[in-house]
Amino acid sequence: MEIDRIDGRTPNQLRPLACSRSVLNRAHGSASWSQGDTKVLAAVYGPKAGIKKNENPEKACIEVIWKPKTGQSGKSEREYEMILKRTLQSICILTVNPNTTTTVIIQVVNDDGAVSFKGYGFHLLPCSINAACAALVDAGIPLKHLAVAICCGLAESGYVILDPTKLEEQKMKAFAYLVFPNSVLSVLPEGSSKVVGEPTESGIITSVTQGAMAVDDYFHCLERGRAANEKMSAFLRRSLQPQLPG
Amino acid sequence: MGYSNASGDLSSEMEVDAFRRLFPLRFYERHLAELIRPDGRALGKARDTTIALGAVASADGSALAKIGLTTMLAAIKMEVMTPLKESPDEGCIVIEFHMPPICSPLVRPGRPAEAAPVVSKQLSDTILRHVKHFSVRSFSGMIDLKDLSLVSGKAAWMAYLDIYCLDADGSLFDVALLSAVAAFSHLQIPVVSMNDEGKLIVVSEENGEKDVVNKEKRKLRLNRIPFSLTCILHKKYILADPTAEEESIFETVVTVVLDTSDQLVSLYKPGGPALAFTSSVQDCIALTKQRLKELQTILDESISGMEVD
């Protein structure tokens with residue numbers, strides 16, 4: 001069963017990606033990330049001295065502030081902040097700068113929207129995780145690896161498409177928003193970071209789903225997400241490399 | 001280390017306690033190596049679960065759910081409202097999750113708990129199932145909002161579901177969902193009748209009014225009830241139904257929600273240092289399937305217990 005996509009993409013094809021770094025002057029690190037018409041701006045301030053609330057003598061703390069395109073932030077924004085915070089915490093090496101706080105601010109610039117439903121949906125999550133990740137690199141925050149976020153849409157027939165637009169989203173019955181570690185180029189020594197024969201890059205950092213699906217369909221989404229990971233990782237590497245010194 | 005010969009005297013007892021506080025991760029890992037947890041549970045076993053229906057007399061439906069020490073009180077109030085223009089034959093459910101300072105030392109008065117809006121949002125996502133279809137508004141959630149309609153375009157039910165966390169000892173979402181489901185299955189929709197001005201008013205059952213609008217529809221139909229299980233991932237171990245202590249030590253949690261028709265409603269893993277591989281995801285889902293049967297039996301028992309009274 002095939003589905004014709006409105007913009008003529010193949011099911012596994014992502015929207016055109018664009019990433020530019022150091023777009024803000026005063027921030028320690030910043031990046032803008034766009035996937036098709038969705039655009040998110042991320043800024044990183046820190047590491048700065050820990051504020052009392054987040055103080056931890058052993059680890060650095062990450063704080064995320066999510067600013068929606070319009071209106072005030074509510075419950076959904078709180079949830080995005082929590083997911084983003086935990087995701088970024090897992091890719092940062094927190095023990096390097098103990099007792100500090102790093103603030104990541106996400107500003108939604110454009111939400112690919114023909115029709116706008118306010119208040120639900122996680123469709124901005126992948127884009128902002130990718131943006132935050134690029135901004136952290138720009139700020140020089142020590143990271144274990146990068147995070148690559150992708151959205152899979154599941155149609156009624158069990159057909160999976162990657163990176164759906166908002167218009168396409170309305171025809172889907174369920175979604176899986178997945179974050180993986182970026183795929184590595186180097187060959188790791190045997191058994192170093194592998195768990196039961198699976199490479200690190202197939203492990204899930206974050207998974208959020210929406211709508212009901214069969215268990216098998218979820219694993220199908222996982223597979224497709226992993227396949228896209230390689231392409232996304234290559235893009236991330238390409239767009240982060242030229243600005244590295246040397 | 002005093003830990004291994006904890007056979008009797010007080011001094012070694014003290015040392016175990018000190019070891020637990022100073023090196024919580026190592027304390028737990030030594031237990032896990034023996035496939036047991038400090039509270040005596042096997043790794044995949046959930047804590048004792050109880051449901052008490054009808055805990056709040058003034059509410060239209062209520063339940064008190066307990067898993068281990070985590071306690072939640074859920075109550076539903078029904079109100080008649082005018083339905084929205086875009087959905088004239090649908091009611092509405094408003095879900096609110098409260099974490100008052102009584103529930104945990106982490107919650108301070110005056111400052112809302114960090115976890116509260118997140119659990120609240122997760123609950124509404126699970127119960128209301130926010131996926132709108134473009135063409136067909138097919139429905140896959142637990143409650144069909146059409147069942148809450150009274151008079152199309154004129155009147156519908158607005159259900160206010162409030163969940164209070166009384167004791168937060170881990171797996172908050174699991175208990176909150178269980179108490180919400182139990183409260184909905186206990187819900188008795190009040191009787192309403194039309195008054196002279198054409199307005200719907202709630203009437204008490206004793207004075208048998210003549211034009212009762214909803215004579216038959218007193219119970220809400222629940223299809224595909226969701227149940228959830230939170231698991232901790234740590235190295236090769238999977239710990240089901242963690243306590244607050246376990247959650248703070250291991251940090252990586254996965255919450256799986258399955259419904260009674262074996263559909264995956266949610267697989268929620270917000271970051272965390274451990275990665276979830278296919279095999280561990282499969283294990284978590286298998287544990288949730290077992291747990292779903294347990295919870296369903298417990299819920300059914302408490303409902304049939306109510307009917308006897």
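These legends cover close-up views of a predicted model.

**View 1. The interface of chain A and chain B.** Two chains meet here, with 41 residues from chain B and 44 residues from chain A in the contact. The size of an interface is often given as the accessible area lost when the parts come together. Between chain B and chain A, about 3600 Å² is buried. Carbon and sulfur atoms account for 59% of that area.

View 2. Four salt bridges link chain B and chain A. One of the pairs joined by a salt bridge is A:Lys75 and B:Glu96, with 3.5 Å from N to O.

**View 3. The side of chain B that touches chain A.** Several elements of chain B each give two or more residues to this side: β4 (92-98), α3 (115-128), β11 (253-259), β12 (264-268) and α6 (278-308). The largest share comes from α3(B), with six residues. By class, this side of chain B holds 19 nonpolar, 12 polar and 10 charged residues.

View 4. B:Thr243 sits in a loop of chain B, between β10 (237-240) and α5 (244-250). Is B:Thr243 buried or exposed? Its relative accessible area is 10%, so B:Thr243 counts as buried, the cut-off being under 20%.

Technical notes
Residues numbered from 1 in each chain as written. Chains lettered and ligands numbered in written order. Predicted model: local features only at pLDDT ≥ 70, side-chain atom pairs only at ≥ 80, totals over all residues. Heavy atoms only, no water. Contact = heavy atoms within 4.5 Å. Buried area = accessible area lost by both parts, 1.4 Å probe. Salt bridge = Lys/Arg side-chain N within 4 Å of Asp/Glu carboxyl O. Helix = DSSP H or I, 4+ residues; strand = E, 2+ residues; numbered from the N terminus. Nonpolar A, V, L, I, M, F, W, Y, C, P; charged D, E, K, R; others polar. Buried < 20%, exposed > 50% of the residue type's maximum accessible area, 1.4 Å probe, protein only.
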